[in-house]
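Biologist: Before we discuss any label in this model, could you show me the sequence and the coordinates, and then take me through the rules behind the labels?

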Amino acid sequence: MSTVGKKMGVFLGGTFAQDPGLTNLVDRAVELAHEVADAGMRTVWFGQAADYDAPQLAALVGRAEPRIGVGTSVVPTYPRHPLLLAAAAKTAQAATTGRFRLGVGLGARTVLEPQFGLPYPPQIKHLREYLIALRPLLDGDDAPFVGQTLSSRPAGPTTVAGAVPRVPVLVAAMGPRALAAAGELAEGTIPFLAGPRTLAEQIVPAITEAAAAAGRPAPQIVAGVPAVVTDDAEAARSRVSAALGFYDSIPSYRRVIASEGLSSAADLLIAAATRTPSPPGCAATSTPGPLKSWSPIRTSSTPGTALAPGPSPGTCDPGPHPSLPVRPAAIAVRPLATSTPPREGKAHRTGSG
């Protein structure tokens with residue numbers, strides 16, 4: 001397996017889950033995971049929307065395909081209680097024999113508050129309290145926690161046999177306060193729509209500094225970017241603009257997009273064409289440092305230096321960017337379309353700032 005292959009994974013989300021021809025979501029997810037593993041990819045990530053349960057699906061897929069790691073990208077902390085999420089994560093860790101990573105995020109208030117009909121808590125305060133309450137629960141610690149936005153008082157043992165090693169927590173953080181909380185209280189960050197400049201100049205330095213100040217190891221960085229396989233970049237831009245327009249209305253995403261010198265989420269699109277087979281749903285490059293040459297809306301017909309078509313949205317984690325202060329754990333590339341226009345649907349990823 002190449003260095004790039006070892007650092008690549010696939011995101012399976014809304015498009016595959018809502019395919020009109022789908023007969024069994026779990027069966028299809030397992031099929032796709034087998035394809036990912038056969039192609040030499042490293043991880044499969046699942047987003048949390050209003051349909052399937054992401055930690056549970058990750059557990060089922062990871063148990064069925066032992067060659068890959070699995071994770072959530074991401075589960076909104078609101079309104080799922082830390083006790084419930086910790087139980088799900090530990091069960092997934094036991095089911096996958098230690099190959100599960102828990103990605104969490106604050107979510108978008110404009111989506112979650114009307115969806116659940118519950119008051120949305122102060123974001124950063126809630127994030128910090130959630131992470132403080134979550135970590136002991138993931139470690140099987142039954143100690144209570146009482147905060148301003150949530151309380152946790154386990155009524156019984158929280159240990160799950162086989163949930164080892166401890167579940168890593170990645171936070172969908174992009175703003176300075178969320179990154180500080182992630183560096184201090186979690187194992188890393190899993191941002192979406194943060195480009196190479198934002199990663200190198202803002203996200204990675206901020207979370208690394210916070211982790212170091214807290215005496216923690218260098219954080220994992222799993223960065224998500226949209227990608228499309230096409231021979232018509234302008235048509236792809238139009239389709240992806242509609243698919244990603246949701247993110248342009250969220251302040252945290254607007255800030256990271258602007259920090260790249262861009263005006264919309266669709267401007268971060270990586271577009272390419274390929275004439276050679278590549279892993280399904282992932283980006284394939286000829287070198288292990290694709291961020292160095294990352295440019296929005298690019299097309300290429302060079303064999304072996306292209307994005308591969310896939311049956312569904314995906315994430316890929318190529319290797320390190322030489323200018324970043326720490327080695328990224330992943331670069332998550334989500335193919336949002338192929339040369340065939342994708343089925344329209346609401347974007348579901350709602351990371352925090």
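Modeller: Buried stands for a relative accessible area under 20%, exposed for over 50%, and partly exposed for what lies in between, with a 1.4 Å probe and protein chains only. The model is predicted, and local features need pLDDT of at least 70, side-chain atom pairs count only at pLDDT 80 or more, while totals for chains, interfaces and linings use all residues. Residues are numbered from 1 along each chain as its sequence is written, and side-chain values use heavy atoms, with hydrogens and water left out.

Biologist: Why is glutamate 65 called buried?

Modeller: Glutamate 65 has a relative accessibility of 3%, and the limit for buried is under 20%, so glutamate 65 counts as buried.

Biologist: What makes the contact of glutamate 65 and arginine 67 a salt bridge?

Modeller: A salt bridge requires a side-chain nitrogen of Lys or Arg within 4 Å of a carboxyl oxygen of Asp or Glu, and for glutamate 65 and arginine 67 the N to O value is 2.8 Å. Arginine 67, at a relative accessible area of 49%, is partly exposed. By this rule the count comes to 11 salt bridges.

Biologist: Which residues are linked with Glu187 in a network of salt bridges?

Modeller: The network links Arg135, Asp139, Arg166, Glu187 and Arg216. Glutamate 187 forms a salt bridge with arginine 135, with the closest N and O atoms 3.0 Å apart. This pair links distant parts of the chain, 52 residues apart, since glutamate 187 sits in the loop between helix H8 (176-185) and strand E9 (188-189) and arginine 135 in helix H7; helices (H or I, at least four residues) and strands (E, at least two) are DSSP runs numbered from the N terminus. Arginine 216 also forms a salt bridge with glutamate 187, the closest N and O atoms being 2.6 Å apart.

Biologist: How do you know whether glutamate 187, arginine 135 and arginine 216 are buried or partly exposed?

Modeller: Glutamate 187 has a relative accessible area of 16% and is therefore buried, as is arginine 135 at 11%, whereas arginine 216, at 23%, counts as partly exposed.

Biologist: What makes E5 a partner of strand E3 and of strand E8?

Modeller: Two strands pair if DSSP finds at least two bridges between them. E3 (residues 69-72) and E5 are joined by two bridges and run parallel, with arginine 101 as the bridge partner of glycine 71. E5 and E8 (residues 169-171), joined by three bridges, also run parallel, and there leucine 102 stands opposite valine 169.

Biologist: What makes Leu102 stand out in the largest nonpolar core?

Modeller: A nonpolar core is a set of buried Ala, Val, Leu, Ile, Met, Phe, Trp, Tyr and Cys residues joined through side-chain atoms within 4.5 Å. Of the 78 residues in the largest one, Phe16, Phe46, Val61, Leu102, Val169 and Val171 touch the most other members. Helix H7 (residues 123-138) gives the most to this core, with eight residues. Contact means heavy atoms within 4.5 Å, and leaving aside neighbours within four places in sequence, leucine 102 is in contact with residues including Thr72, Leu85, Leu134 and Val169.
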